[in-house]
Amino acid sequence: MRWNKPVLALAIIVFYCAMPISGATRGQQLTVYTAQTSYSLPVFDRGGKPYISITELLSPLGASLPQLKSKEWKLELNRAELRLTEDKDKAIIRGHQVDLSGKVLVEEGRVLVPLDASLALLSRLLNTTVDFHRPSRRIFVGNTLVRFHAEFMNQDQPSLVLNFSQPVKPETNHAQDRTTLVFRKEPLVGSAGEAHKQQFGDGAIQSLTYSEDNGTALLTITGNTVLEITRSEDGKTITLQAEKPVETATPESTPESTPTAEGQRHTPEFFVMIDPSHGGYDKGASLGGKVMEKDITLRLARELHKELEERGIASRLLRDGDIELGLERRAEITNEQHAGIYVALHAGPTGKGVRVYASLLADAQQPAAGRFQPWESAQSGALSRSQTAAQAVANELRKKGLTVASLGMPLRPLNNIVSPAIAVELAPDGENVESLENQKRQNTVAAAIASGIAQVRSQMGGRP
C-alpha cells in the first residue's frame, strides 16, 4: 500500500477521537504536485506564521505515521528517516540537520511544521528537485509541469483555443464579463511560472490572464459576452467561443410534457463499488518474492464480490484484470456510476491484522443543497456515514478474531468520493508476510467486510 504505512503507536489518529486542528485560516491551502498524484492540505496560522501537518504533507507520498520515541517524533519516507523534536527548529534527515524556519509544534498528537520547511523536507527526503511557488503555495516535485499555448482566432465567431501538454479538467466559473478556468489538481504553469496577460482586442474575447493563488492556477478570459466552452476528447484542448443566441420555440411548437406518477419513478439500485488497489504497471507494495499487492487486492476483491452476492447486495469491481487506473479516475468512475458505498482494498507488509480507514477532512462540513462539492472535500457530505460503515466493518473483523485498527486519514481517493467511502488494508498475520496469500484468511476478511456493509446498508441512503 503506497499511500501510507501506518504504525500502531501513540501518534495513530483514530478517527472516532480525532478532531480537526483548530485555528485554521479558512480557505488557505498548500498543493503538492508529483508525477503520481496531486493533493492539497490546509495551512494553519500559529502566531502569525503558516504551519502544516507533517502527516498530511508526507502520507500521500507513502510515509509512515509519526511515532513518538523518547522526545523525538520519527517517520520514514523513501528509505530515509525524519526526526522532529517539539519546540526545536531543526530536523534530522539522513543524519544531517535541516533548518525548519520555525519551531515544531505538537497538538493533539499531530506534528506541525512551518510551511516554509516544505521545500527542504521534500527535497531531502525524496532526493529530487522540488520547486516551491511560495506566494501561491504550490509545490512541484520533479518534472511534473503542464504547459499551455493560447491561440486567438478573430473570425466571424471569435474563439480562443487553449492547448495543454497534458490532459486537464479544470473547474469553470462564469461571471458577466469573464470566464475563469480553475486548475486545482493539474500542475499548470505559465511562462517562467509567472503571472502574465495577453490582450486580444475589445470584442467578445478581450484578454487572457494566467495567475496562481492559494494552491491553484487560474486562466481568466475577459470579454463582452458569455462564452461557450468545448473540450477535446483527449482533454488537451479547450476552446472558448461567444455563446450562440438561443432560438425561442413558439408556443405551438412546444411539446406538452407528460407528468410522471410518483409511484412510477425508478428507484436507483444500491451497489458496492469494490476497488482493488494498484494494477498494471503500478504493482503496489512488494510483499516478498513474486507476490505483489495488486494481485492480493484483486483476489480479495473477487472474494468480497461473492460474499456480497450471497447477502443479496449488488457490487461491481473497478478493475477485474491487471489494468492501471489513476486515483482520480477511480473517484470519477465511482461518482459517475453513483455507487452506494466505495470500498478500496489494500495490502501491506508492515503491521499486523487489518486496518480500516475513513477519510479525515480538515473542515468536514455538510455542503449546502444544490451546491457544487469541491474535489478535495467531496467526501464531506458522506463522512459520518463512512465512519459508521468503517466502524461496522471493524467490529465484524474483530468478531472473526482479527487484530483491527480503525483510522482516519486524509487519503485519496476517499476525499474525492461523494458517497460513503472506506478503505481496508490487509496486513500480515504476525511476521509471516506470506500469510497475505492465505485463501482462508482472505475469505474471512471478505466475509467480515460484507457483513459490516450488510448491517449498515439501510443507513447508506440512495445513490448520490
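A salt bridge is a side-chain nitrogen of Lys or Arg within 4 Å of a carboxyl oxygen of Asp or Glu. This structure holds 20 of them. It is a predicted model, in which local features need pLDDT of at least 70, side-chain atom pairs count only at pLDDT 80 or more, and totals for chains, interfaces and linings use all residues. Residues are numbered from 1 along each chain as its sequence is written, and side-chain values use heavy atoms, with hydrogens and water left out.

**Salt bridges between strands**

- Glutamate 212 pairs with arginine 138 in a salt bridge, with 3.0 Å between the closest N and O atoms.
- Glutamate 212 sits in strand β18 (residues 207-213) and arginine 138 in strand β12 (residues 138-141), so the bridge ties together parts 74 residues apart in sequence. Helices (H or I, at least four residues) and strands (E, at least two) are DSSP runs, numbered from the N terminus.
- Glutamate 212 and arginine 138 are both buried. Buried means under 20% relative accessible area, exposed over 50%, and partly exposed in between (1.4 Å probe, protein chains only).
- Arginine 355 and glutamate 425 form another salt bridge, their closest N and O atoms being 2.9 Å apart.
- Arginine 355 belongs to strand β25 (residues 354-359) and glutamate 425 to strand β27 (residues 421-426), so this pair ties together parts 70 residues apart in sequence.
- Both arginine 355 and glutamate 425 are buried.

**A loop-to-helix pair and a network**

- Aspartate 322 and lysine 294 meet through their side chains in a salt bridge (3.0 Å, N to O).
- Aspartate 322 is in the loop between β23 (314-317) and α4 (327-336), while lysine 294 is in helix α3 (residues 293-310), 28 residues apart.
- Lysine 294 is buried, at a relative accessible area of 6%.
- Salt bridges also link Lys169, Arg329, Glu332 and Glu336 in a network.

**Packing of α5 and α6**

- Helix α5 (residues 383-399) packs against helix α6 (residues 439-456) at an angle of about 135°, with the axes 8 Å apart. Axes are lines fitted to C-alpha atoms, for helices over the stretch in contact, and angles run from 0 to 180 degrees between N-to-C directions.
- That angle makes α5 oblique to α6. Angles under 35 degrees count as roughly parallel, over 145 as roughly antiparallel, 65 to 115 as roughly perpendicular, and the rest as oblique.
- Residues of α5 that meet α6 include Thr388, Ala389 and Leu397. On the α6 side, Val445, Ile449 and Val456 are among them. Contact means heavy atoms within 4.5 Å.
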